[in-house]
Amino acid sequence: MGAAQCRCTPQQDLGTLVLVAKYPTPGKSKTRLGRAIGFEESAKFARNALVDLLHRYGDLDGLRKVILYAPLEARGEFEALLKEQKLDALWGLLPMTGGDNNIISSDLGSRLKSALRRVRMNPPEIRAKATAAATVATASETVGFIGSDCLDITRKELRSLFLRVSRRDCEAAVLPADDGGYVSLVLGECCPAAVFEGVKWSDSSTCVSQLQALTRNRITKVFIGESHSDVDEIEDLRSLHKRLAKLRPLDREIMGVRRTWDFLTELDEALKLQRKPSSESIAERGSVTASEGADSKRSSGAAQILGRGIKASGSVHLETGDAANPNIEEAQQQQQQQQ
């Protein structure tokens, strides 16, 4: 028999991609990183990373694209950035509302709830921002959220999340972060805005907490993909530099990290990004750094989540991207014992 054919053609309307982004401003964005490399440099990194992501995902087939931006007064700056990059026809702009307009605060759930509801109403801000067959959004369509802190999610990987949810292989899909959060969440038409209630934000258990919130809303068939690193600290930046340095120039171009790589190359000369962290810095963090353990973490994202023991009000069927990994099978057994 031949290979199984995808039930979803490249022209299918897959839903809406929401990129959550804070405008790169010195002293107001990437402040933890700024304390290590300087606020001007951390803002430059954030801008280069954001532009790379906008280009990378801008022409994904079958998706409307919208930037959920903060702060509210940064609309003009985002409009200028999109026009400068000739992306204003591909990306819509939606202000972050429903909370305190701070991406990293504990009130993030309220703002994501508001965003999900507004996106499904297809407001003028995002209308016609589509490619291929993406048409008018409906009140129950698939919506995927992604942050601007992770440079490792490829176009293929992100599209595959939407495909899984759109063809109803699962009800939701998540990509965990190595620090316990998550870097992407795609919600199917059955997912209400209430899935963002009760989540512990900016916490080492954020991803587990989000999975619990999904099950409380009877979303029990969830795909968990590979874990990824986001960039918040200097060690995260070193780890990213190390990963990108291993790629061939053509592969970096295909991945869509040219601007970020050029910036890191310049920064490397001044700060020696490849320098290994001291034992003191490791002790302060309480664990090995991302650069030392990224490969093993990235290959077992689902095992990480399951291993923490998901205790939910109902049963949850977790589809993983690492199904053959014995660590996951062991974690699943532990989960069943706990239930």
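The structure holds 0 disulfides, a disulfide being a pair of cysteine sulfur atoms within 2.5 Å. This is a predicted model, where local features need pLDDT of at least 70, side-chain atom pairs count only at pLDDT 80 or more, and totals for chains, interfaces and linings use all residues. Residues are numbered from 1 along each chain as its sequence is written, and side-chain values use heavy atoms, with hydrogens and water left out.

- A disulfide is a covalent bond between the sulfur atoms of two cysteines.
- Cys191 is in no disulfide, and its nearest cysteine sulfur, that of Cys190, is 4.3 Å away.
- Cys170 is buried, with a relative accessible area of 5%; buried means under 20% relative accessible area, exposed over 50%, and partly exposed in between (1.4 Å probe, protein chains only).
- Cys191 is buried as well, with a relative accessible area of 1%.

**Strand 4 and its partners**

- Helices (H or I, at least four residues) and strands (E, at least two) are DSSP runs, numbered from the N terminus.
- Strand 1 (residues 15-22) pairs with strand 4 in the parallel sense over 5 bridges; two strands pair if DSSP finds at least two bridges between them.
- Strand 6 (residues 182-187) runs antiparallel to strand 4, and 4 bridges join them.
- Which residues sit across from Gly144 of strand 4? Leu17 stands opposite Gly144, and in strand 6 the bridge partner of Gly144 is Val186.

**Backbone details in the loops**

- Most residues other than glycine have a negative phi, and most peptide bonds are trans.
- A cis peptide bond joins Ala70 and Pro71, with omega about -5 degrees. Pro71 lies in the loop between strand 2 (63-70) and helix 3 (75-84).
- Arg168 has a positive phi, near 65 degrees. Arg168 belongs to the loop between helix 5 (155-166) and strand 5 (172-176), and it is exposed at 60% relative accessible area.
- Ser202 has a positive phi too, near 50 degrees. Its loop runs between strand 6 and helix 6 (206-216), and Ser202 is exposed, with a relative accessible area of 63%.

**A link across the sequence**

- Glu226, in the loop between strand 7 (221-224) and helix 7 (234-245), is partly exposed at 35% relative accessibility.
- Glu226 and Ala177 are 49 residues apart in sequence, and their C-alpha atoms are 8.7 Å apart in space.
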